[in-house]
Amino acid sequence: MCSYFCMNWILLILCTGPVVSGSLVKGKVGQNIIVPCFYSVKTTDDITSMCWGRGSCPSSKCSETLLWTDGWQVTERSSSRYRLRGNLRGGDVSLTILSAQEADSGTYCCRVEIPGWFNDLKSEHKVLIERARISTASPHTYTSEQTTARGSTSESSFTITRTWPSVPASEAPRTASDPCSSTSDCWDVTTNLQNVSLSLPSQQYSEKGLYIGIGLCTALLAVLILALFLT
């Protein structure tokens, strides 16, 4: 009885074959994930069929088969998201999962069918797909313009705000575009300009009268002197 159970146990081990524990593959949602798997190819005779499946490797073939290959090309595929992008004929049968999702997390089985009894190469890999972290803090960008030596403007990461004290309207300096602040001021300026323009001709007339008077006096004096000589 004992020998019967021992024989069944040995046959079960031989049928299942050794399973190589693979690596842990981590990724983010939306990324392309590569689950590695390789076998030795020295000549073209070593090229053989293989399959990828979900879950642990069964005693034969793959459970929840994702794809099959005859060693030269993919012959069966459950979804276009599963690809073999490595050198297939060189023994690189790594599985590429396009646009990975959280549902892709789990155990994957790579089974390479090596000719002979119980020679299949099996490896199991853990895949963990996580959501990308999104920052809740809202970014703030502060910019200000500064004049460089060449006269161009550059942006800095801070804004300098200057608050100037308020100045009463009566004390504010007058600019060229605001020559007078009220109607009375403009009237006074206009009056002064008119007075200056009127005083200039009168001043000129007084100077001419003075010259004429001096000339008359000089002429009369000359006549008197001449009369004295004649007498």
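Predicted model: local features only at pLDDT ≥ 70, side-chain atom pairs only at ≥ 80, totals over all residues.

Student: Which residue does Asp-104 form a salt bridge with?

Tutor: Arg-81, and the closest N and O atoms are 2.5 Å apart. Asp-104 is in the loop between E7 and E8, Arg-81 in the loop between strand E5 (74-77) and strand E6 (82-83), so the pair ties together parts 23 residues apart in sequence. A salt bridge here is a side-chain nitrogen of Lys or Arg within 4 Å of a carboxyl oxygen of Asp or Glu. Strands (E, at least two residues) and helices (H or I, at least four) are DSSP runs, numbered from the N terminus.

Student: What else does the charged end of Arg-81 do?

Tutor: The charged end sits over the ring of Tyr-82, 5.8 Å from its centre. That label needs NZ of Lys or CZ of Arg within 6 Å of the ring centre and within 35 degrees of the ring normal.

Student: How many salt bridges in the structure?

Tutor: There are 4. One of them joins Lys-28 and Glu-130, with closest N and O atoms 3.4 Å apart. Lys-28 is in strand E1 (residues 19-28) and Glu-130 in strand E9 (residues 121-130), 102 residues apart.

Student: Which partner does Glu-102 have?

Tutor: Arg-131, at 2.7 Å between the closest N and O atoms. Glu-102 is in the loop between E7 and E8, Arg-131 in the loop between E9 and strand E10 (144-147), so this bridge ties together parts 29 residues apart in sequence. Arg-131 counts as exposed because its relative accessibility is 62%.

Student: New topic. What does UniProt list for residues 209-230?

Tutor: The unreviewed entry lists them as "transmembrane region". UniProt positions follow the numbering used here, feature names are shortened, and annotations may be inferred rather than shown by experiment. In the model, the span is 100% helix and 0% strand, with its end C-alpha atoms 32 Å apart.

Conventions:
Residues numbered from 1 in each chain as written. Heavy atoms only, no water. Buried < 20%, exposed > 50% of the residue type's maximum accessible area, 1.4 Å probe, protein only.
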